[in-house]
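Q: I would like to learn how to read a structure, feature by feature. Where do we begin?

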Amino acid sequence: MVRSYAYRVTTTAPPERISLPRRVLRGLGRRVVRLRPSLIPRAYLPLVLACWAFTLVLAVLILLPGAMEQPDVSAGTGGDPMTGFFAPQSRRVLLLIAAAILAAGGAAIALLGPRVNHLADGRTGRGARLMREIAIAALAGFPAFALAADRSWAAALWALGFLLVAEVVTHTPLATAPMASNPMASKPARTVLIPALTVALPWVVLIAAQFASGSGTWTWISLFWFGASFAAFSAFYGIARVAESRGRAMVFLFRNDVHPVLVVAIVLAAAGVLAVRLTVARDLFNPTDASIWTPFVKQPMSWAVATAVAVLVCGIALRASHRPLARRGERRVVAAIAAVGTVDLIIALGVVLAGMVISAVSGAQWSSSDWVDAYPALQFYLVLALGLVFLVVPVFRGTAARAIALVSTLYLLPALGLIAFGDRLPLWVSAATSVQIALELVAAAFLLALWNLVRPRHRVAPSVIVRLSVVPVLALHAGPLLPAAWTGFGRVVIVLAVLAALLLFMPKVAADPRRHALDVVRASWLQLLVLVVYALAQPSLFEDATQSTLGVLWLSVTAMAALSFDTASADTASADTVSADTASVRD
């Protein structure tokens, strides 16, 4: 008997090949739908829509030539920007309306955030409650403070009355009780929206007062210095963040399978870029940036300081390639160093607030510049204290934060010492520049690359060599990109980037509608805040490239250190250390 078998041949269709543009469009589509306004409870929509509307208004006015005209220093102030401005009424009213929306949105975030992020037992943390109290008091209290400084007593009393109303409403059980124990949690209009709107009421009084008061008011002076200080810190911190983001995006910087010949080629390419900048392209960006590209006219002692910093960076980087540093506190130490770098504007803001108090009490117009000569010494001691804290406190042992702090302290202290105590120091004392340190790091990378060619069995990790050569070039060129944000085509890029950020960087849609509402309100609030600060900072020190060049001088070496060290999570780093110690004991 012959049996016949029928075989069914099945074929699998080849996977669909999707082109790169279609993949990009699909990715953008998945991110855009994360906004999902339909999932936001209706009570939060007024705040979201108000933020969106004024973000668009400010974006259009910033992009239109001449629409946001520059305020001039008030006549009769002797050219001192600490004592007054002539700001167009329309511009002041527009920014104050945006500030009122920010006050309401900030209060909503302060009220909703701790309750959405409540603990398992339904209680909010003490720190969250303290931050909520500070935020609401500052947001609702500034108008009364500014009107009192202008001695507009009737308006100040109205603003003070609305401040008391806001404090009472935001402290009712409906507004402060955790969601789990709040019987009105399903009605966010009563628990969040109404308390948030009461915080904006004092700003309505401040807006109305602009039509009756003069143009050189303390309101504009204080907001201007807040915008300038915030923008200056952002510029300084942005130097490190731009360098870090560019470095993290380059995957080849962290690969250890690169051929030694290719490593030499990368190092030579980085050296070529530096050689071009030192010669024919020295004036590529602006005269202020060109001033730091003259390292060979520095004193010999400055090269000794540069060598010490470069040796410290190379030593930590080589050790971290075997024992990665714990990834803890990196951004905090960078932010702290950036804050010390802008301490002069922070002090100026404090002087403005003191002047407002004196004006409210006595009516006298007061400003002081006596602190200008003292702040370099303050920076010196703050950097020294920062370095000692990260060196001594045990919690930072084996972390990247300690390594970054030590490198930054060694680089900054000589320069700050010369500025603060130069007349009392010997003539041979000198400080290194970031360009000198970059040259020595690239030279060290070239020597290590040659070592890998000669001794391949005892080679150094190729990723360390590549980073020691490429990262300095990235850090030195992160700053010149920032001044363009305030002029020309860069203004268009910044505004469009702010508008696109809401669509592209929203977190995934949360299952809880309150969590999703908090995410959307926070993102919309930050978007409006960036444009308000941008508009306030336009007439400030960003008219030239000085601030970004100072940022390069201050934080570029910090960025070089942050990207040159191998890091791991705290648990992984501690496990690697224990394994290495066990291996050494066995040997």
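A: Begin with helices. Helices (H or I, at least four residues) and strands (E, at least two) are DSSP runs, numbered from the N terminus. The expected span of a helix is 1.5 Å times one less than its number of residues. As for the source, this is a predicted model: local features need pLDDT of at least 70, side-chain atom pairs count only at pLDDT 80 or more, and totals for chains, interfaces and linings use all residues. Residues are numbered from 1 along each chain as its sequence is written, and side-chain values use heavy atoms, with hydrogens and water left out.

Q: What span should helix 14 have, and how far apart are its end C-alpha atoms?

A: Its 18 residues should span 26 Å at 1.5 Å a residue. The end C-alpha atoms lie 25 Å apart, which agrees.

Q: Which residues of helix 14 are buried?

A: Buried means under 20% relative accessible area, exposed over 50%, and partly exposed in between (1.4 Å probe, protein chains only). An α-helix has 3.6 residues a turn, so residues three or four places apart point the same way. In helix 14 the buried residues are Pro376, Ala377, Gln379, Phe380, Val383, Leu386, Gly387 and Phe390.

Q: Is Gln379 buried or exposed, and what does it contact?

A: Gln379 counts as buried because its relative accessibility is 6%. Contact means heavy atoms within 4.5 Å. Neighbours within four places in sequence aside, Gln379 contacts Val340, Gly341, Val343, Leu416 and Trp554. A polar atom of the Gln379 side chain lies 3.0 Å from the backbone oxygen of Val340.

Q: How many residues are in the largest nonpolar core?

A: A nonpolar core is a set of buried Ala, Val, Leu, Ile, Met, Phe, Trp, Tyr and Cys residues joined through side-chain atoms within 4.5 Å. The largest has 81 residues; Leu58, Leu147, Trp203, Trp225 and Leu528 have the most contacts inside it. Helix 3 (residues 89-116) gives the most to this core, 16 residues. Another core, of 74 residues, lies apart from it and includes Phe380 and Leu476.

Q: Where does Val205 lie, and what does it touch?

A: Val205 sits in helix 7 (residues 188-209). Its relative accessible area is 13%, so Val205 is buried. Leaving out residues up to four places away in sequence, Val205 touches Leu147, Ala155, Trp158, Ala159 and Phe162.

Q: What is the phi of Arg151?

A: Most residues other than glycine have a negative phi. Arg151 has a positive phi of about 60 degrees, although it is not a glycine. Arg151 is in the loop between helix 4 (126-149) and helix 5 (153-170). At 36% relative accessible area, Arg151 is partly exposed.

How values were computed
A polar contact is a pair of N or O atoms within 3.5 Å; within protein, one must be able to donate a hydrogen and the other to accept it, and residues adjacent in sequence count only if both atoms are side-chain atoms.
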